[in-house]
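This briefing sets out selected structural features for computational work. Please consult the sequence and the structure shown here before reading the points that follow.

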Amino acid sequence: MPSGFQQPTIRPLRVLVSQKPTSTLSNQQLVPQKRGFSQVAPHAPSLQSRAPVAHPPPESPPLSPPSHSRSERLLHRVGEERAGISYDLLERHHITNSRRRSPSMNYLAGVPDVQSRQPSKKQCLDPPAQREDSTVDEGKDGEADDPKGDSAEDQPRRGGRFSKNAKGTIPVRPTLIAFYPPQWAKLLNLAKARMRLYVAVEDAFPRLEDAVGGQCREVLMEVIAHFEAQGWEVEAGYYPTHKLDMCRLTFRSDLKKAVMKSLRADYELYPPSTAKTEEERIAAVKKKADDLLSTGKYLRGEPDDQGRASNFAHRALKNITLAFYYANTSKCLHQFPEFQEYVPYKALALVTAMVHALLSLFRKHGIDKSAQVNSQDIEEGYIALNEAISNVLDHPHHGPKLNAMLVDWAQTGMTGYVTKHKPTERMTNEFAPVLD
């Protein structure tokens, strides 16, 4: 040891065995040492035990090793987080996260006045009782259309970015099937099917003003008479109160919706993978639609065994015809004799005219613009396609082939459906008793 320095005194340590070993100094204070030397002499005799020592009482904070990181230095300024040691939580938060400061005057000068700001759309969700406007659509006479007898103030309202007609919040209009109870819904579905039959085989484009008071009314009266003849009762209070709404309901058709479900997939109206930009994708779809229309490929299917064309045999026309006329719903036409043997020519022309009109929109826009379809364009295509079907039927080879194809489509659509007019032999045998 260098001269001039005194040998440090070694104090005995209290030994306590615990489950979590920690080392601290005893309650007695160490003898002050010179800076740069250890608290234990370098040549002190070895201790008999190096077991962990006991914790000091709470009132005497333990000495901590020197901290090197900024977070550890900040923590030691307010005390460590240890059981039994009290420290100021708020002061610790202010040290680690800084105190909140008032905004500068320059920032406040640029903020507009609260009264001058327009309210956000997200703040329009008001209680129903505080809204003064009506929550249901108004009729032509300006009065609220409230068939259930509930006032407009009792109906909930959603505003702003939410849908105006949220499910379960606004009464359904009487021009929709969902407005009517079960028996009336069955009756009106049958009326819609009969009106669809009229459009398919007689008049494909009736005018709304004439049809509502004419053919739609006749179809509705016919179906009501049919229900009465069968002894099927319907709920009271709907007829003749909603007679006009029922006629308008039967006039609607879902042909455009049925065509759009198959159009893209069956005609492959998708851009190639090489198209990178939106302009390239739209241009590619336009080119495909133009190729289908200009060459008449949208009409033709695969060539026959002789290598000759198959007119009106494209798989899209078949899929749409079966989905619209022969689906397993109460509004489809396989329940009527006109569709049970073959697909009528006018029905085929109507489906094809709708396909032509929607393909024309794809050729013009390159995207789905079915909402812009024009009934006049459909009618013009319908007239031209009827003439084309007549020309095919007059041909000695293609005429019989078209008839055979329409019979095959009807048989495919009637699969699983048994007519009530001609019971099959299988059904007869299932209910036949044995009289031996």
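In this predicted model, Arg 363 counts as partly exposed because its relative accessibility is 33%. The side chain of Arg 363 meets that of Asp 290 in a salt bridge, with an N to O distance of 3.5 Å. This pair links distant parts of the chain, since Arg 363 belongs to helix H11 and Asp 290 to helix H9, 73 residues apart. Asp 290 is likewise partly exposed, at 36% relative accessibility.

**Other salt bridges**

- Glu 222 and Arg 194 form one of them through their side chains, at 3.3 Å from N to O.
- Glu 222 is in helix H6 (residues 215–230) and Arg 194 in helix H4, so that distant parts of the chain, 28 residues apart, are linked.
- Glu 222 has a relative accessible area of 40% and is therefore partly exposed; Arg 194, with 26%, is also partly exposed.
- A salt bridge also joins the side chains of Arg 315 and Glu 268, at 3.9 Å from N to O.
- Because Arg 315 lies in helix H10 and Glu 268 in the loop between H8 and H9, the pair ties together parts that are 47 residues apart in sequence.
- Arg 315 is partly exposed at 44% relative accessibility, and Glu 268 is partly exposed with a relative accessible area of 47%.

**Overall architecture**

- The protein contains 14 helices and zero strands.
- Of its 436 residues, 29% count as buried.
- Among contacts with a separation of 6 or more, 69% are between residues 24 or more positions apart.
- The accessible surface of the protein comes to about 30,200 Å², and carbon and sulfur atoms account for 51% of it.

**Nonpolar core**

- The largest nonpolar core has 76 residues, of which Leu 263, Tyr 267, Tyr 298, Phe 312, Tyr 325, Val 355 and Leu 359 touch the most other members.
- Helix H11 (residues 345–365) gives the most to this core, contributing 13 residues.
- Apart from neighbours within four places in sequence, Leu 359 contacts residues including Leu 263, Tyr 267, Ala 289 and Tyr 298.

- The buried residues of helix H10 (residues 315–325) are Ala 316, Leu 317, Ile 320, Thr 321, Leu 322, Phe 324 and Tyr 325.
- These buried residues of H10 pack against helix H4 (182–201), helix H8 (255–267), H11 and helix H13 (398–413).
- His 314 is located in the loop between helix H9 (278–295) and H10.
- With a relative accessible area of 10%, His 314 is buried, because the cut-off for that class is under 20%.
- Leaving aside neighbours within four places in sequence, His 314 is in contact with Asp 266, Tyr 267, Lys 297, Tyr 298, Leu 299, Arg 300 and Gly 301.

**Cysteines**

- The search of the whole structure finds zero disulfides.
- For Cys 247, the nearest cysteine sulfur is that of Cys 216, at 6.2 Å, and Cys 247 is in no disulfide.
- Cys 247 is buried, with a relative accessible area of 3%, and Cys 332 is buried with 2%.

**Nonpolar surface patch**

- Met 105, Tyr 107, Leu 108 and Val 111 form a nonpolar patch on the surface, and together they have about 440 Å² of accessible area.
- Met 105 lies in helix H3 (residues 105–110) and counts as exposed, at 64% relative accessibility.

Key. Residues are numbered from 1 along each chain as its sequence is written. This is a predicted model: local features need pLDDT of at least 70, side-chain atom pairs count only at pLDDT 80 or more; totals for chains, interfaces and linings use all residues. Side-chain values use heavy atoms; hydrogens and water are left out. Patches are made of residues with over 30% relative accessible area and no salt bridge: like charges are joined within 9 Å, nonpolar side chains (Val, Leu, Ile, Met, Phe, Trp, Tyr) within 5 Å. Accessible areas come from the Shrake-Rupley method with a 1.4 Å probe; for residues, only the protein chains shown count as cover. A salt bridge is a side-chain nitrogen of Lys or Arg within 4 Å of a carboxyl oxygen of Asp or Glu. Helices (H or I, at least four residues) and strands (E, at least two) are DSSP runs, numbered from the N terminus. Buried means under 20% relative accessible area, exposed over 50%, partly exposed in between (1.4 Å probe, protein chains only). A disulfide is a pair of cysteine sulfur atoms within 2.5 Å. A nonpolar core is a set of buried Ala, Val, Leu, Ile, Met, Phe, Trp, Tyr and Cys residues joined through side-chain atoms within 4.5 Å. Contact means heavy atoms within 4.5 Å.
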